[in-house]
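Take a look at the model below. Keep the sequence beside it as you read.

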Amino acid sequence: MTETGAPARKPVLGSRFRWLWSSSVASNAGDGVTRTLLPLLVVASHPQPMVVAGLTAVNMLPWLLFALPAGVLADRHDRRRILLVSNVTRAAALLAAVAAFAAGTSLAVLYVLSFVLGIAETLAETAAPAMLPDIVEPEHLEHANGRLFAPQIILNEMAGPPLAGLLVGVGATLALATGGALYGLAAVLLLGLAGVKAAPRTAPPPGTSAARSLWQDLRTGVAFVLTRAALTRTLAASALYGLVYSATFSMLVLLAHRTLHLHATGYGLLLTVGSVGSIAGTWLAPRLARRLPTLVLAQWSLILSGAAYVGLGLAGNTVLAGAAIFCNGLFMMSWNIPVLSLRQRFAPPELQGRVMSVSRLCSWGTMPIGAALGGLLARTTSVTTVFVSSGAVLILGSVALLAPLRQDMLTGEQPESSRVPHQHQQQQHTDTERGEHDRGSV
């Protein structure tokens, strides 16, 4: 968090962040391939809609089952090792699938593979953001998160799907092996973080059963969130955003087809425009965060994102629709990056994993509900109504949830160890910049 008018300087993130970033690039490339590959393999042998939908449900199920326990694990154990094991597990699962395909695979194998990849992703996506404050100074978190989001968008949404389609055209085993190799590379690159000083970890009290210890740790993490207004209200806003996002995204293909009269290629280009907006947001959000109070940036990002949804629903041509979806991607990142950084800065080191897991559960747990509500509303009214009403709900909800918060709550409730006064931040940044200038920055 910085004060309005703070001088803009390029943050120096250091070599440890470069190792994490490189590993993230490789694992996101693996995600981009496998998330498109598995549905393609299922459709090739079982083209029924419920079978394909079941694959997605199985892949997302670990987030409902294991998100909170994953946070406990991330607080008890070395987060770098959790990331390492997650990537090795995904690599091994995909290489095992290669052998299964050579022997003649079945639908059950693809479902099991999807579930295993989902578990590994749940652990990795909880441990990685919880580990970032261990290697990046608090005042640089927005910049670091922006650098991590950019390859995720590019590789998951833009480059991964066409690459997966190309690989499947050559052969399923090559596609699976490529995904496994990318996760293996991500694991190898994590070895460069061997010298990272681990944050304090929680340990179960002596004589406490595993189940009771897990439950106590879960209660501690949830209680920490519920007793901090800044965390509770921003998490509620994230849950609302997840609801709105899934309701509108599930109907976007119908909006493109019925209202904008776009075919498959045009719809793909529309999604690409949204991704480009998100990439632009990863560049813009850290710069805005250095000039605007966190809560001001967060609230206005949600309001403008809601306005973009309304504009998308009312757009009568592809130019206006493209502008609206570009702006929505931009504002989405202007919300995600500062709010994620706020949570990382707010939580003490021993609770980072649990705060991240509660955050993911709130953000993603509402998405299945939102998709169902979007379909129901479109059936009873119209597709346009889904976008306009969702945007209006997001605008009103963001004001109701975030307006009562004051910027001083971010320091008044924040742990002493994570507070960095503004003048000290600037001096610390200057010293760091001088000390690490020769090593370069990411």
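This is a predicted model: local features need pLDDT of at least 70, side-chain atom pairs count only at pLDDT 80 or more; totals for chains, interfaces and linings use all residues.

The protein chain has 16 helices and 0 strands. It holds 442 residues, and 50% of them count as buried.

Next come the helix pairs. Two packed helices are described by the angle between their axes and the distance between the axes. Start with helix H10, residues 294-314, and helix H11, residues 318-346. Their axes come within 8 Å and cross at roughly 155°. An angle over 145 degrees counts as roughly antiparallel, so H10 and H11 are roughly antiparallel to each other. Their crossing is left-handed. On the H10 side, the residues that make the contact include Thr 294, Leu 297, Ser 301 and Leu 304. On the H11 side they include Ala 321, Phe 331, Trp 335 and Leu 342. Sorted by class, the contact of H10 with H11 has 16 nonpolar, 6 polar and no charged residues.

H10 has another partner, H14. These two helices pack at an angle of about 165°, with their axes 7 Å apart. That angle makes H10 roughly antiparallel to H14. Here, too, the handedness can be given: H10 passes H14 in a left-handed crossing. H10 brings residues including Gln 299, Ile 303, Gly 306 and Val 310 to this contact. H14 brings, among others, Thr 384, Phe 387, Gly 391 and Ile 395. The contact of H10 with H14 divides into 15 nonpolar, 7 polar and no charged residues.

Now turn to the nonpolar cores. Which residues have the most contacts inside the largest one? They are Leu 252, Leu 270, Trp 335 and Phe 387, in a core of 50 residues. Several helices give two or more residues to this core, including H5 (141-170), H8 (229-259), H9 (264-289), H10, H11 and H14 (383-402).

Look at Leu 270 in detail, leaving out residues up to four places away in sequence. Leu 270 touches Leu 252, Ala 256, Leu 260, Leu 262, Ala 321, Gly 322 and Ile 325. There is also a second, separate core of 23 residues. Ala 93, Leu 94, Ala 97 and Leu 155 are among its members.

Finally, go to helix H1, residues 14-45, where Leu 37 is found. Is Leu 37 buried or exposed? Its relative accessibility is 0%, so Leu 37 counts as buried. Leaving aside neighbours within four places in sequence, Leu 37 is in contact with Ala 164, Val 168, Ala 175 and Leu 176. Pro 162 is 125 residues from Leu 37 along the chain, yet their C-alpha atoms are separated by 9.9 Å.

Thr 34 lies in helix H1 as well. At 5% relative accessibility, Thr 34 also counts as buried. With residues up to four places away not counted, Thr 34 touches Pro 39, Leu 94, Leu 117 and Tyr 183. One of these, Leu 94, belongs to the second core.

How values were computed. Residues are numbered from 1 along each chain as its sequence is written. Side-chain values use heavy atoms; hydrogens and water are left out. Axes are lines fitted to C-alpha atoms, for helices over the stretch in contact, and angles run from 0 to 180 degrees between N-to-C directions. Helices (H or I, at least four residues) and strands (E, at least two) are DSSP runs, numbered from the N terminus. Angles under 35 degrees count as roughly parallel, over 145 as roughly antiparallel, 65 to 115 as roughly perpendicular and the rest as oblique. A crossing is left-handed if the near helix is turned anticlockwise from the far one by less than a right angle, and right-handed if clockwise. Contact means heavy atoms within 4.5 Å. Ala, Val, Leu, Ile, Met, Phe, Trp, Tyr, Cys and Pro count as nonpolar, Asp, Glu, Lys and Arg as charged, and the others, Gly among them, as polar. A nonpolar core is a set of buried Ala, Val, Leu, Ile, Met, Phe, Trp, Tyr and Cys residues joined through side-chain atoms within 4.5 Å. Buried means under 20% relative accessible area, exposed over 50%, partly exposed in between (1.4 Å probe, protein chains only).
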